[in-house]
Amino acid sequence: MAKFKIKKGDMVEIITGDDKGKKAKILRVIPKSSQVVVEGCKLAKKAVKPTDKNPKGGFIEKEMPIHISNVKKAED
């Protein structure tokens, strides 16, 4: 497993893709696949079955992982 200079809670800037230029906080780092989950970026609609928590079911928007090479630490 690789070691990264970015960790959970850091502010990063997206440098490629649909969310290019956005600055947001890292929610999760996935070292096994060299990916990070960034708050409010790369949103995907996910179908959800009805449960006790969500009796109606329907769709939710969920952040999907982005490869770590597509983000850089944001300068404050």
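## The sheet

Five strands make an open sheet, with antiparallel pairing and the order E6-E3-E2-E1-E7. A strand here is a DSSP run of E with at least two residues, and strands are numbered from the N terminus. Two strands pair if DSSP finds at least two bridges between them. The edges belong to strand E6 (66–67) and strand E7 (71–73). Each has a single partner strand, so one side of each is left without a neighbour in the sheet.

Look at one pairing. Strand E3 (residues 35–38) runs antiparallel to E6, and two bridges join them. Which residue stands opposite Val36? Ile66 in E6 does.

## About the model

This is a predicted model, in which local features need pLDDT of at least 70 and side-chain atom pairs count only at pLDDT 80 or more, while totals for chains, interfaces and linings use all residues. Residues are numbered from 1 along each chain as its sequence is written, and side-chain values use heavy atoms, leaving out hydrogens and water.

## Two salt bridges

A salt bridge puts a side-chain nitrogen of Lys or Arg within 4 Å of a carboxyl oxygen of Asp or Glu. By this rule there are two salt bridges.

One of them links Lys73 and Asp10, with the closest N and O atoms 3.8 Å apart. Lys73 lies in strand E7, and Asp10 lies in the segment before strand E1 (11–14), so the pair ties together parts that are 63 residues apart in sequence. Are the two partners buried or exposed? The cut-offs are these: buried is under 20% relative accessible area, exposed is over 50%, and partly exposed is in between (1.4 Å probe, protein chains only). Lys73 has 42% relative accessibility, so Lys73 counts as partly exposed. Asp10 has 13%, so Asp10 counts as buried.

Asp19 and Lys22 also form a salt bridge. Their closest N and O atoms are 3.2 Å apart. Lys22 is partly exposed, at 37% relative accessibility.

## Around Asp19

Where is Asp19? Asp19 sits in the loop between E1 and strand E2 (23–30). Asp19 counts as buried because its relative accessibility is 15%. Leave aside its neighbours within four places in sequence, and Asp19 is in contact (heavy atoms within 4.5 Å) with Ile14, Cys41 and Lys42.

## The annotated domain

An unreviewed UniProt entry places the feature "domain: KOW" at residues 5–32. UniProt positions follow the numbering used here, feature names are shortened, and annotations may be inferred rather than shown by experiment. Over residues 5–32, the chain is 43% strand and 0% helix (a DSSP run of H or I, at least four residues). The end C-alpha atoms of this stretch are 15 Å apart.
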